[in-house]
Each structure stands twice: as C-alpha cells, then as structure tokens.
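Take a walk through this protein model. Keep the sequence and the 3D view side by side.

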Amino acid sequence: MKSFKKLRSVLSASLLIGELLILSPAFAEDAAPAAEASPPVAAAVATPEVQDDAVLMAVRTKLAAEPAANEERDRKDQTALVDFYAARHGEALWVTASGVKPEAKALAAEIANAWAYALDPARFKLPALNEGTLPATDTDSLAEAEIEYSKAALLYARDARGGRIPDPAEMLTTNLDRRPQWIEPKVVIEALAATHEPDAYLRSLEPQHPQFEKLRQIYLTMLPKDGKPGKLSPAAKRVRANMEMWRWMWPNMGDFYVLNNIPEFMQYVYKDGQIIRSEKIVAGLLDKQTTIFSRPLKYVVLRPAWRVPESIKVNELWPNLIRGGGMMRQYGLQIVTKDDKRVDYRSIDWATTDIRKYDVLQPPGPKSVLGHVKFSFPSQHTIYMHDTPDKWMFKPAQRTLSHGCLRVWKPMQLAELILKEDKGWDADKIAELDRSGPLNNEIPITKEIPIHLVYFTAWVGEDGKLKTFSDVYGHEKRVTQALDGQWEKINKGRDHLAPVEPSFNPSAVAARGQNMDGDYVPASKRKSANVGDMIGNALGLSY
C-alpha cells in the first residue's frame, strides 16, 4: 500500500511538470527562443523580476509630475521620455546610483562640440560634473541629471535638423516654404538606448548632404584660432546661415533631380550625384519673389497655354481693360468664365466688374509668354519653370525679372533629359511633338523627379573654394537674425499667399480716359524699359 501511494505521488509530480512545460511561453507556437537555457521547472516555479534602479524609478516620478511644456515640440519630447522610461527596466540610460555612465560622458562631449556644426552649445542644459563625477549623489539629484541628459539629447536632435527655426514660413517669410527634417523623439531616444556610441549617433543626425560638410569645413576655418566658439565674423555667419538652410532640405534629394539656386540664377540637373546639365535661369522680381520650396515634377507641357495669375490679372490687366484692353489684342488673351465659357472682353463694363470673377487665358502660339514648354510641379505658390520668347533676359548678371516663375535657358534640352529619364523618349520624338503634337500637351511624369528651388548664397565648388552670391531676397539676412536671436529685427515682407486685392480705384482709372494702346511696351523696346513702369512690359515679364 505504501509502495502504491509512493508511485502515485511520483506520477502526479511528473504530470504536473509536464503541464508546466506545455504552458511555458518557451513552448508557445510563435514564441522567440529563450535567451539562456534553464531548467523549465525552475523557470516556472520562480522567475524573479528585474529590480529597477532607484534612479530609474525616481525619473519616472519626476517626468510624470512635470507640467506640460508650452511648445508643441517640447511636449512631444516629454511624452516620448515618459513612455520610454515607463517601458525601461533595470538601470536608467545615463545615470545610476553608482554615478555617470561612460555613454553619458560621450554624449555630453559631443553636445559640447556643437559649435563645430554651427550649433549653439549654450542651448543645451547638461549636468555639471566635478572631475567626471556628479557632485550630488542622492537619488533625487541623480534622477534630475538623467532627465537633463535625455532632454539635451532630444533638443540636439531637433537642432541638428533645423529646430532653431521650426517654421521658416511663419517666422521668417512666407516665401521660405521649408520644414525642418525632424526625427520623432521616440525614435531618437530608442536609438540612443540601443547604442554605446551616442556621440556618433548625434553626428549622424546632421545633414548628410556633401555640400553641408564642405560648408562645415570652411566654417571651421573661420572660427577663432583657439578652436573655441566666439564672436562670428560676417563671413562665418553667412556660411552658418547656409548650413542652417541645408537642415531644411529633403534628406534624399533624389536619384535624378533639378536644383534651381535662386541667388546664383543657375539651374543644375543631377543624376546619381553628378551634374549632367547647368544653365541660366531668370527668377522673380524683388517684390514678386520666386518662392523657395521643393515638389515632385508632375507634367512636362509642350505647346502650353497660359492661365494668367491672379496678381497680374487684378493689378495689371484689369486697369488695361478699363482703358480699352489693348493688352488683350497685343498678347492674344481670352476672357473665360469659371465654367470655361469664352466671353468677349469688349462686352463687359470693366469699371464696374470685378475681373476676379473670370479667368484670363493665352492660347499656345507664337505670342505665348511660356514659349514651347512648361514644367509643372503644383503647389500653393503657382510657380513653375518654362520657356520664354524674351531671350534678352538671360544677359544681366542679376536676373530678377519675372513675376515668380523660373524662365529656363535652352528649356527643350531640359525636356529631353527629363522625358528620356521618365519615358525613354529620344530628342526626335520630343521635337516632333513640339512641332505638330496636341496643343497644351500635358505629359505626365511617372518617376519621382524632385524640383528643388533653393536659396544658397554660399557654395563650395569642386575645387574646394567658396563661392558667394548676393542675398537678393534677404533670406540669408533673416536666417542670420533668427540664429542671433534678433527676431524683432526680421522683416517678413508681404504674405504672398494672401488674397489679391486691387491696388487701384477702377472708377478713377476709367476717368483718366480710354487709351487702348498706351499701356504696353513694344517688344523691340523692352530691353531698355524699366520693368516696373509699364503694365505691358510687366505682363511680358510674367509667369
């Protein structure tokens, strides 16, 4: 009887162990392999949890008690840190009860070196160390130090991607349609936790464009000889401003892309990192600037029609219509309703009719201000690149002559490069389409071909020498003022996206008489005419 009871006891124990093995996560169908082999029974009976360091627990408490920050980006940092430390177990990331980790010292050294990347080390609050150790050793102070390291790292990550000017369009001018290329703070803090080289990770957040590094090397030569940041020279501030604008550029510019540098009045086509075309461009007038932005190319339009932009339609064409409409005949323009019905402009009393109720079109043809081809990359700025019959405009050194769009020298060569890249077409096919293809022939672009309108007043050439260009629109000045903290001095200029209002009184214009032909400048005289004087000339220099 005793032997039977002993045997039943052994069998019961065996069955219990078998059930535990089956229920163990290590035997679940989709479970990851165990990190270390250990007796299943022991694991099932007692798996001690990792004990959290006192500093880590104090960090959680402090972060949870923090009031919400005023700025949205700071609030995102707070949320990322709360979530990160809530999920972390064991030790804190930078500081333990034993003191500062080596990773924290590497992080602090890189942040202190921020000036070498044209950043400001004074923006980052870091714990003060005494001979490499924290002076205070109580848990509360250690937790404060941990939080300071993490917040400094997240702020550095933002500044490396343009965070000092978080909204250029709002803070500088609407003609700078750029966005800092931020990385989410959750991604940053988790990446820092996964590496033993946080300094290298911070460096990887800086723009990786070759031109940024070339500018940085020039910038380093402009700093004080002792290698420490000090008062910057105007030349150093210029390079710093251009480095800052690179922080707003797309990290991936494209395998094939078009770069238009406005201060240089030059266009470059890049393929696989190499320039395959460089030609002149004409940019916007000083009071009708070419906006700085990037968009993918959507259409190449052969034999394009022109829809007159609102600003030209309201303030230049409308007064001419009140006087009789000489410009309508001069440029072969048409008035159409919003539902595309053509209307005789002579049947409308323009002194009492708002031209904004209508559209104004110029059909394709020899008088077209767009010439043979247009390159469309739609945006709220209604800017594109195009041909022009006014070839004289490419002669001046400062080519701020259009109403905002870019006029391109030898544009059919650009069309050939793009359509060969996208469609595989040869030059003969494109020439045939230009001669006899459909009017306003919109050829959709299927590949990703970015068009970058940039504003770099400093550029390092292949020879390593720095080239500089005039700050024609004042953007470099605005960026410099922002980086120097002189926000109150920034002249934002007009909001070019605001609704267009007439700058004249229609009845007063009508009272001055009906001179139909006195408002345009013949093409033969445009070279010497003041582009701001005559409506006709302004229309001729339009989009």
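In which sense do strand E7 and strand E12 pair, and over how many bridges? The model is predicted. Strand E7 (residues 299–302) and strand E12 (residues 373–376) run antiparallel, joined over 4 bridges. Here Leu 302 faces Val 373 of E12. E7 also pairs with strand E16 (residues 441–444), in the antiparallel sense and over 4 bridges. On that side, Tyr 299 has Pro 444 of E16 as its bridge partner.

Now turn to a pocket. The second largest pocket has a volume of about 580 Å³. Its lining counts 26 residues. Tyr 257, Tyr 270, Gly 273, Trp 459 and Glu 462 lie nearest the centre. Helix H10 (210–221) gives at least two lining residues, and so does each of the strands E3 (256–261), E4 (266–271), E5 (274–284) and E18 (458–460). By class, the lining holds 11 nonpolar, 9 polar and 6 charged residues.

Next come the rings. The structure has 12 aromatic pairs. One of them joins Phe 124 and Tyr 156, a tilted pair with centres 5.5 Å apart and 40° between the planes. Phe 124 sits in the loop between helices H5 (102–112) and H6 (139–160) while Tyr 156 belongs to H6, so the pair ties together parts 32 residues apart in sequence. Both Phe 124 and Tyr 156 are buried.

Trp 459, from the pocket lining, is buried, as is Phe 456. Ring pairs link Trp 246, Phe 456 and Trp 459 into a cluster.

Charges meet rings too. The charged end of Arg 216 sits over the ring of Tyr 117, 4.1 Å from its centre. Lys 374 lies over the face of Tyr 384, 4.6 Å from the ring centre.

How values were computed. Residues numbered from 1 in each chain as written. Predicted model: local features only at pLDDT ≥ 70, side-chain atom pairs only at ≥ 80, totals over all residues. Heavy atoms only, no water. 1 Å grid on protein atoms, 1.4 Å probe; cavity = no way out; pocket = protein on both sides within 12 Å on 5 of 7 lines; lining within 4 Å. Points joined across faces, edges and corners; volume = space filled by probe spheres on them. Nonpolar A, V, L, I, M, F, W, Y, C, P; charged D, E, K, R; others polar. Pairing = 2+ DSSP bridges. Phe/Tyr/Trp six-rings, centres within 6.5 Å; stacked < 30°, edge-to-face > 60°. Buried < 20%, exposed > 50% of the residue type's maximum accessible area, 1.4 Å probe, protein only. Lys NZ or Arg CZ within 6 Å of the ring centre and 35° of its normal.
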